[in-house]
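Subject: Structure handover

Hello,

Here is the model you asked about. My notes follow below it.

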Amino acid sequence: TKTISKCYVQVTGMTCASCVANIERNLRREDGIHSILVALMAGKAEVRYNPAVIHPSAIAELIRELGFGATVMENCGEGDGILELVVRGMTCASCVHKIESTLMKTNGVLYCSVALATNKAHIKYDPEIIGPRDVIQVIKDLGFTTSLVKKDRSASHLDHKQEIRQWKRSFVVSLVFCIPVMGLMIYMMVMDSQLSDAHTHHNMSNEEMEALHSSMVLEYQLLPGLSVMNFLSFLLCVPVQMFGGWHFYIQAYKALKHKTANMDVLIVLATSIAFVYSFVILLVAMAEKAKVNPVTFFDTPPMLFVFISLGRWLEHVAKGKTSEALARLISLQATEATIVTLGPDNVLLSEEQVDVELVQRGDIVKVIPGGKFPVDGRVIEGHSMVDESLITGEAMPVTKKPGNTVIAGSINQNGSLLISATHVGADTTLSQIVKLVEEAQTSKAPIQQFADKLSGYFVPSIVAVSVVTLFAWIIIGFVDFEIVEKYFLGYNKSISAAEVIIRFAFQASITVLCIACPCSLGLA
């Protein structure tokens, strides 16, 4: 007997089914090559050859001569089939041993492990020699019932509905409270500019100025130190901080638990500090019964949350769109197949319905008019028209006669066909497309990886900068108080210099945090 080895060749440059046919036809003629199977989507050829006559490198060279790129794939484990089964009826460790030892003796089974606790069996096999149905039969013969682990076909892991809902809610909450805050802010700005105009034109004394200032509705003090403006801003800010920022807090907590800092940490840091600082300053002002209202940052959190939750919401909507397309693709796969046994002269002896996962390479599958092709294969008998638009996009049905290839998921139209399965399970064209789209979704663009890496350094560095700012101003203040006095307008002359310095330093460092947070890097 001649020894036959198997190798896998990665083939690039194939564009359509005729490329596949071209490679298969030409290589079959060569000495020492037994059979060749080319998968278009996966871009790989499985070749069975006689090592005494030809080497894998020579096979790759033959494919190159046909005008395609070809490299021999080292890890030949690629072609192993993997089977997950649920086995019922096992009572003790000896049952497990019995199944494992029997399967390992079976020709074609490469690896097998059975777990008594979960009733699961994990089997690796060589699809050339044996298939899932044979393995199941072996286990049944031992007296156990077994079935496939049902794969989730609904693609529920691709569903972004929940995230879309949660970010939309977060955005709407923030927006509802943000609009009044922005309104108050704009009103204050307009009034302030009018005031400064009045100041420049009429050279009023500071006392008159203060009188004019306090006559403004929003600057009116409900309690000493608590103006209407600050009180309203505070009321509007609390719900945003609680409900709008809820998800950010959760994410930030998780990130910090794993000792990493992401954008969420920065967002939470900036908004929380701005909120807490403003709140404390108000309390201090009320305790001091201050005449001039303190500068608060209540407008920062709502606006930040609005921008960022809008961004996240849009991102998930976009992700949901691609996922929807993928879920539709997955739903195109057939769930069952009709396997037939042929006698001499292709006489039908018997047929049975099985799960698509149980179809083995080399099985003869019957596809009736209007039925879907469960696997990729070659037509053995019958003539028909096939609608392949889901893969190729061509609207007209394609004629199929014996020898033609068919694609899983395409629809048989008028004639009954018998096909021989060539690619089954995860190797079918449709599964490969689904896999490619999934990979494209999970892999990040290089620029995105770079941004993530940067934001890892970005967050700690911003925090560091704001801490430096804090201490720098404290030091400057104690060394040269006039500088602080120059920039820190409208502070109450009655409080001590030290307090003024510390307040100003805090204000400066908070500003750094709040401005760094909605930076373009984070939003992008």
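Which residues touch the most other members of the largest nonpolar core? They are Leu85, Leu103, Ile123 and Val359, in a core of 37 residues. A nonpolar core here is a set of buried Ala, Val, Leu, Ile, Met, Phe, Trp, Tyr and Cys residues joined through side-chain atoms within 4.5 Å. Buried means under 20% relative accessible area, exposed over 50%, and partly exposed in between (1.4 Å probe, protein chains only).

Before going on, note that this is a predicted model: local features need pLDDT of at least 70, side-chain atom pairs count only at pLDDT 80 or more, and totals for chains, interfaces and linings use all residues. Residues are numbered from 1 along each chain as its sequence is written, and side-chain values use heavy atoms, with hydrogens and water left out.

The largest core
Elements giving two or more residues to this core include β5 (81–88), α3 (93–105), β6 (109–115) and β19 (417–423); helices (H or I, at least four residues) and strands (E, at least two) are DSSP runs, numbered from the N terminus. The core lies between domain 2 (81–148) and domain 4 (333–432), because both give residues to it. Those domain bounds come from an automatic or database domain assignment. Leucine 85 touches, among others, Ile123, Val135, Ile136 and Ile139, not counting residues up to four places away in sequence; contact means heavy atoms within 4.5 Å. A second, separate core has 23 residues, including Phe248, Val265, Val306 and Ile462.

Annotated segments
An unreviewed UniProt entry lists "transmembrane region" for residues 171–190, 222–244, 265–287, 457–479 and 500–523. UniProt annotations may be inferred rather than shown by experiment; the positions are in the numbering used here, and feature names are shortened. In the model, residues 171–190 are 100% helix and 0% strand, with end C-alpha atoms 28 Å apart. Residues 457–479 are also 100% helix and 0% strand, and their end C-alpha atoms are 33 Å apart.

Serine 174
Serine 174 lies in helix α5 (residues 161–202) and is buried, at a relative accessible area of 0%. Its contacts include Val240, Gly244, Pro302 and Ser309. Serine 174 and serine 309 are 135 residues apart in sequence, yet 8.3 Å apart in space, C-alpha to C-alpha. The side chain of serine 174 also reaches the backbone oxygen of serine 170 at 2.8 Å.

Whole chain
The protein has 16 helices and 19 strands. Of its 524 residues, 42% count as buried.

Regards

Conventions
Polar contact = N/O pair within 3.5 Å; in protein donor to acceptor, adjacent residues only side chain to side chain.
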